Amino acid sequence: MNMISSTQRLLLGSVLAFSMVAGVHGATPAPEGASVYFITPADGQTVSSPVTVRFGLDGLGVAPAGVERKGTGHHHLLVDVDDMPAMDQPVPSDDRHIHFGGGQTQTSLELSPGEHTLQLLVGDHLHVPHQPPVMSEKITITVE
């Protein structure tokens, strides 16, 4: 007879519960060939603040956060971010990780004078990057 101690039962139950919660969302697949890019500004461009930033998207539609629709996502703008956020978690929301959960495709950004980096990352209905991640090249701009 196979006997499991109460401690082992509790541990097994905890592992199973965590697995179910972690697996509820899973990774949202990115359509093959999907890409995101900057329409404006251009890499290396000198601009004045406020900076108009326009987002381009190919092979993927735009849907607001919270709307789960296959083949869609919404934009996140990473400003002066050195380390990418976790690709299996929602993108952080702060002044360097800007969410466009309403489905917006452009913004006006107040930036201090100097050099800044910008990068786009598309998230699914829960703000989690697609797999594989749909992200732009990082561009550098100079604000006068």
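## Briefing on a predicted protein chain

At 8% relative accessibility, His97 counts as buried (under 20% relative accessible area; over 50% is exposed, and partly exposed lies in between, with a 1.4 Å probe and protein chains only). The model is a predicted one, in which local features need pLDDT of at least 70 and side-chain atom pairs count only at pLDDT 80 or more, while totals for chains, interfaces and linings use all residues. Residues are numbered from 1 along each chain as its sequence is written, and side-chain values use heavy atoms, with hydrogens and water left out.

**Overall build**

- The protein chain contains 1 helix and 9 strands (DSSP runs numbered from the N terminus: H or I of at least four residues for helices, E of at least two for strands).
- In sequence order, the pattern is α-β-β-β-β-β-β-β-β-β.
- Of the chain's 144 residues, 35% count as buried.
- Among contacts (heavy atoms within 4.5 Å) between residues at least 6 apart in sequence, 66% join residues at least 24 apart.

**Confidence**

- The average pLDDT (the predictor's confidence in each residue, from 0 to 100) of the protein chain is 87, and 83% of the residues score at least 70.
- Residues 1-24 have a pLDDT below 50, and beyond near neighbours in sequence this stretch has 2 contacts in the model.

**His97 and its surroundings**

- His97 is located in strand S6.
- The side chains of His97 and Asp94 are joined by a polar contact of 2.9 Å (N or O atoms within 3.5 Å; within protein, one must be able to donate a hydrogen and the other to accept it, and residues adjacent in sequence count only if both atoms are side-chain atoms).
- Apart from neighbours within four places in sequence, His97 is in contact with Leu77, Leu78, Val81, Pro85, Val91 and Pro92.

- Leu109 touches Ser49, Pro50, Val51, Val53, Leu77, Val79, Ile98 and Leu118, with residues up to four places away in sequence not counted.

**Val51 in strand S3**

- Val51 belongs to strand S3 and is buried, at a relative accessible area of 2%.
- The residues that Val51 touches, not counting those up to four places away in sequence, are Pro41, Thr107, Ser108, Leu109, Leu111, Ile141 and Val143.
- Val51 and Leu111 are 60 residues apart along the chain, and their C-alpha atoms are separated by 7.3 Å.

**The aromatic pair**

- The count comes to 1 aromatic pair (Phe, Tyr and Trp rings, the six-membered one for Trp, with centres within 6.5 Å; planes under 30 degrees apart are stacked, over 60 edge-to-face and the rest tilted).
- Phe55 and Phe100 form this edge-to-face pair, at 5.0 Å centre to centre and with 65° between the planes.
- Phe55 lies in strand S3 (residues 51-58) and Phe100 in the loop between strands S6 (97-99) and S7 (106-109), so the pair ties together parts that are 45 residues apart in sequence.
- Phe55 is buried, with a relative accessible area of 5%, and Phe100 is buried, with a relative accessible area of 5%.
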